[in-house]
Amino acid sequence: MLKFESVSRIFSDGTKAVDNVSLHIKPGEFCVLLGPSGAGKSTLMNMINGMVQPSSGKVKLGDLVLNKNNLITIQRRIGMIHQQLHLVPRLSVLHNVLAGLLPTTGFWHSLIKSFPIDKQRHAFQLLDEVGLQEKHLTRRASELSGGQQQRVAIARAFISNPEIVLADEPVASLDPAMSRSILDSLKTAAKNHGTTVICTLHQLDYALEFADRIIALRDGKVFFDGPPHQLDIETQTNLYDLVVSPTQKSERAAA
Amino acid sequence: MNTNAVKSWHNWELHQAVTPKTIIVLFILFILFSISAHNTQIDKAAVETAKAGLSVFGIGESDVLAGASRFISKAFPIQISQRTAVNRLNKFDRDNLPLFSYTEMGEDKQYDALTETWTVEKSEFLVEPIGYLKKVLIKMLETIEMGFWGTVISIGIALPLGILASQNYSPHRFVYTFARSWLSFHRAMPELIIALILVLMYGFGPIAGVLALAIHTSGVLGKFFADEIENAPPGPQLALASSGAASLKVLRYAVFPHVYPAWIAYVQYIFERNIRTATVLGIVGAGGIGMELKGRWDLFDYDHVATILLAIFITVVVLEYFSQKLRKQAL
């Protein structure tokens, strides 16, 4: 459904962030993008939601070629989970989730925060799926813990029934147990709604555990693409060396 | 030769806090300030204040103290009753006096401007024990209402202009510049000047006062609003905008909740300020208690003036107390 056809992106300073990448992502896949910082993960993601235009090649969503003219149509078909959460701190949890519906809500309705009942129920269902309770609905987002905020962000990404959810480092600042639980919520939500998820991660073990498909990038090029079980030990070691930062490695060696 | 060679600390350059240059600069500043102080009569103020201080202890005479005692001796006790000559009342029903009021005989002084003489005649007065206080309080209420509506209209002007004057939500650079300069223009005109002009246009009364307050403070509020919108964290805005939401909706959901507490604080400050300002706007005829104050002041009725000043003081203190409480509730 989502196709990259020999896509490249060269920035104005001459760096090739993405270099001749061709991918075909099938509906409902849980794809994990792996790679060190600067490998082109974020650029690849931003080309899907139209924030970055490819220098050459095409990104296709269904039959639609992504470009500036159909940017809004595309953004409406995509949900995003951002690295720094980006919830509105002083807005209630419920309205943070419903804010994901703003593009399709009438202006006056959105002005007085009036959303249809079935949309509210949908939000309830999603919040329940990611493990939040009724008591959280009226809390301000800033009153929740980091993990709970990330769950709200997941619910917001799914509220507009997107075809694709992009998750940029969704567990970057969380402890391992919480990270697993969040990724589990994300995967469950994706399976329940048949949504494609493209997720960048830094942790190889989470990728092996949750991904349907791992796409590993190095210097803007794909050097591994396939399900986790196809990863042989050698590639795993390679990936591990690439992905895990030196400090993390020394910590693990010490442990 | 290596210029980066490490110098021994014995050879480090000494740093002097006070140099001849400092002394010259300070001397020039002193002369300039002296000239300016003389222009603004700071020297005279110091002399007069010192004289007043001495004459409190019975040493010498002081004009300052004389002026103060002229006011204070007439100001207390403050005037809260109202005496009106019966023959000046249109409707006077001897059998049906207002509550708590009574009549008494007294002398009625009248000034004849043609012959420049005072005529004294005996007449009957209607005395209302708290009549004047009541009048002042009604005027004070009008003043508060002026401050309130001035603030409401000011928000009405400042909100749209503030959005247009914020760099990230203005539809065009030209609109942004225009809105910013419009707000500056509002801010630059003092209320009293606006009120003077508006009194010419709308006549005496609170309309001129309310509009003057609204115009001036909308310039202040609008700038505050715009600055707050510009300083809101970009993350949530970007998140909503990248989901395809229109910019006004982003403003509503990602910016308003964030700037709301600051806005409440600004509005509260402007409201308090407007009430304080509304008390003096009457001096140019723009309604409120200032009109009464000016009238009484010109008649040398300092006891009435004292009542008015006390009413203003108490009102401002009480309102600040309540608006603090209200603010804590709103957050």
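**Entry 1. Glu169(A)**

Is Glu169(A) buried, partly exposed or exposed? I counted 16 C-beta neighbours inside 10 Å, so Glu169(A) is partly exposed. The term follows a count of other C-beta atoms, placed from the backbone, within 10 Å of a residue's own: 20 or more is buried, 12 or fewer is exposed, and in between is partly exposed. I note at once that this is a predicted model, in which local features need pLDDT of at least 70 and side-chain atom pairs count only at pLDDT 80 or more, while totals for chains, interfaces and linings use all residues. Residues are numbered from 1 along each chain as its sequence is written, and chains are lettered from A and ligands numbered from 1 in the order in which they are written.

I found Glu169(A) in the loop between β7 (164-168) and α7 of chain A. Helices (H or I, at least four residues) and strands (E, at least two) are DSSP runs, numbered from the N terminus. The phi of Glu169(A) is positive, near 50 degrees, although the residue is not glycine. Most residues other than glycine have a negative phi.

**Entry 2. Asn20(A)**

I looked up a further positive phi, that of Asn20(A), at about 50 degrees. Asn20(A) belongs to strand β2 (residues 16-25) of chain A. Asn20(A) is partly exposed, because 14 C-beta neighbours lie inside 10 Å.

**Entry 3. Domains of chain A**

I read the division of chain A as domain 1 (1-77 + 163-255) and domain 2 (87-161); such bounds come from an automatic or database domain assignment. The C-alpha centres of these two domains of chain A are 26 Å apart. Their contact takes 14 residues from domain 1 of chain A and 14 residues from domain 2 of chain A, where contact means C-beta atoms, placed from the backbone, within 7 Å. On the domain 1 side, α7(A) gives the most, with 8 residues.

I also looked up Ser181(A), which lies in helix α7 (residues 176-193) of chain A. Ser181(A) is partly exposed, since 18 other C-beta atoms lie within 10 Å.

**Entry 4. Where the chains meet**

I noted 20 residues from chain A and 17 residues from chain B in the contact between them. In chain A, α2 (71-76) and α4 (107-111) each give two or more residues to this side.

**Entry 5. Cores**

The largest nonpolar core has 117 residues, and Val97(A), Ala155(A) and Ala212(B) touch the most other members. Such a core is a set of buried Ala, Val, Leu, Ile, Met, Phe, Trp, Tyr and Cys residues joined through C-beta atoms within 7 Å. Helix α9 (residues 247-281) of chain B gives the most to this core, with 15 residues. I found a separate core of 11 residues, including Tyr132(B) and Met140(B).

**Entry 6. Helix α5 of chain B**

I checked the length of helix α5 (residues 173-188) of chain B: its 16 residues should span 22 Å at 1.5 Å a residue, and the end C-alpha atoms agree, being 22 Å apart. The expected span is 1.5 Å times one less than the number of residues.

Which residues of α5(B) are buried? I list Ala179(B), Leu183(B) and His186(B). Seen down the axis they fall within an arc of 60 degrees, so they line one face of α5(B); the arc is that of the directions from the helix axis to the C-beta atoms. Among what covers them are α4 (131-164) and α7 (206-231) of chain B. The face of α5(B) turned away from its buried side carries exposed residues, including Arg173(B), Thr177(B) and Phe185(B).

Definitions and conventions:
Two residues are in contact if their C-beta atoms, placed from the backbone, lie within 7 Å.
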